[in-house]
Amino acid sequence: MKRIKYLVATAIWSLLLMGCSNSNDVVPDSPPTELYADAQQKLQNGNFQGAITQLEALDSRYPFSAYSSQVQFDLIYAYYKSANLSMALVSIDRFMRLNPTHPNIDYMLYLRGLTDMALDDSTLQGLFGIDRSDRDPIYALAAFRDFTQLIENYPDSQYATDSQKRLLYLKNRLAKHELDIARYYTKRGADVAVVNRIEQMMQNYPDTQATRDALPLMKNAYERLQLNEQADQVAKLIAANPVGGE
C-alpha cells in the first residue's frame with residue numbers, strides 16, 4: 001500500500017511539473033550568447049522551467065561552446081529548484097565526471113547532498129500519509145556520503161559549515177531509523193538481532209538521542225538471553241545517558 005501511494009505521489013508530482021512548463025514554448029534559433037542571456041534572466045526571475053527549456057536547447061545545440069560548462073552548471077541548479085530531482089542527480093554526476101577539476105566542484109557535491117536530502121524528505125510522502133521514520137534511508141545515506149566527502153576534500157569550502165549542520169541532522173535521522181528496526185526486532189523477540197543492531201548504533205551514532213533511547217531495548221534483550229553481566233553494563237550506560245521521550 002505504501003509503495004502504491006508513493007507511485008501515485010510521484011505521478012502527480014510529475015504532472016504538476018509538466019503543467020508548469022509551456023508546451024508551446026519553442027526556443028528560437030538565436031546565437032548562443034542571446035539564448036544564454038535569456039536563460040539567465042529566467043533564472044533570476046525564478047522561471048526555472050523556462051530556464052530549463054533554454055539551457056537544454058543550448059546544451060544540445062552547442063555542446064562544445066564556451067558556455068558549455070556554465071550551461072550544465074546552471075541547468076543542474078534549475079533542475080534542483082524546480083524539484084526535478086532525478087534529472088538533477090543525473091546531471092550532477094555527468095558534470096563531475098566531465099569536469100573533475102572544476103573550481104566549483106565543492107558546490108556540485110553540496111548540491112548533490114541537498115538533492116539526496118530532498119529525495120529522502122519528500123513532502124509528498126507526508127502529504128499522502130506515508131510513514132517517514134521507517135522508510136528506506138538510501139537517499140539519507142547518499143546525502144551523508146556527499147556532505148562527508150565535501151568536508152573531507154574541501155574543508156575550507158564556503159559550504160562546509162552548512163554541510164556539518166546537515167550531517168548532524170542526517171545522523172539523527174539515520175539513528176532513528178535504526179531505532180525503529182531495533183523496536184521491530186524487539187516485538188518479534190529477536191533478541192540477538194536487537195543487540196547486534198544497537199551495537200551498530202553505538203558505533204555509528206553514539207552521540208544521538210535515538211541511540212540512548214535504544215539502550216533499554218538492549219538491556220532487556222540481554223536479560224532475556226540471560227547475559228546478566230552485559231545487561232548490568234548497559235544499565236550503567238543508561239544511568240549515565242538519560243533516555244528521552246521518544
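Predicted model: local features only at pLDDT ≥ 70, side-chain atom pairs only at ≥ 80, totals over all residues.
Before I start: a residue is called buried under 20% relative accessible area, exposed over 50%, and partly exposed in between.

**Entry 1: Asp 162 and Arg 166**

I looked up Arg 166 and got 25% relative accessibility, so Arg 166 counts as partly exposed. Asp 162 comes out at 27%, so Asp 162 is partly exposed too. The two side chains form a salt bridge, with N to O at 2.6 Å. I checked where they sit: both are in helix 9 (residues 160-188), four residues apart, which is about one turn of the helix.

**Entry 2: Arg 197 and Glu 178**

Next I found a salt bridge between the side chains of Arg 197 and Glu 178, at 2.6 Å from N to O. This pair links distant parts of the chain, since Arg 197 belongs to helix 10 (residues 191-204) and Glu 178 to helix 9, 19 residues apart. Buried or partly exposed, I wondered about Glu 178? Glu 178 has 12% relative accessibility, so I put it down as buried. Arg 197, at 22%, counts as partly exposed.

**Entry 3: Arg 112 and Asp 146**

Then I turned to Arg 112, which makes a salt bridge with Asp 146; their closest N and O atoms are 2.9 Å apart. Distant parts of the chain get linked here: Arg 112 is in helix 6 (residues 105-120), Asp 146 is in helix 8 (residues 138-153), and 34 residues separate them. Both Arg 112 and Asp 146 are buried.

**Entry 4: the wider tally**

Which residues end up in one network with Arg 112? I noted Asp 93 and Asp 146, joined with Arg 112 through salt bridges that share partners. My count of salt bridges is eleven.

Technical notes
Residues numbered from 1 in each chain as written. Heavy atoms only, no water. Salt bridge = Lys/Arg side-chain N within 4 Å of Asp/Glu carboxyl O. Helix = DSSP H or I, 4+ residues; strand = E, 2+ residues; numbered from the N terminus. Buried < 20%, exposed > 50% of the residue type's maximum accessible area, 1.4 Å probe, protein only.
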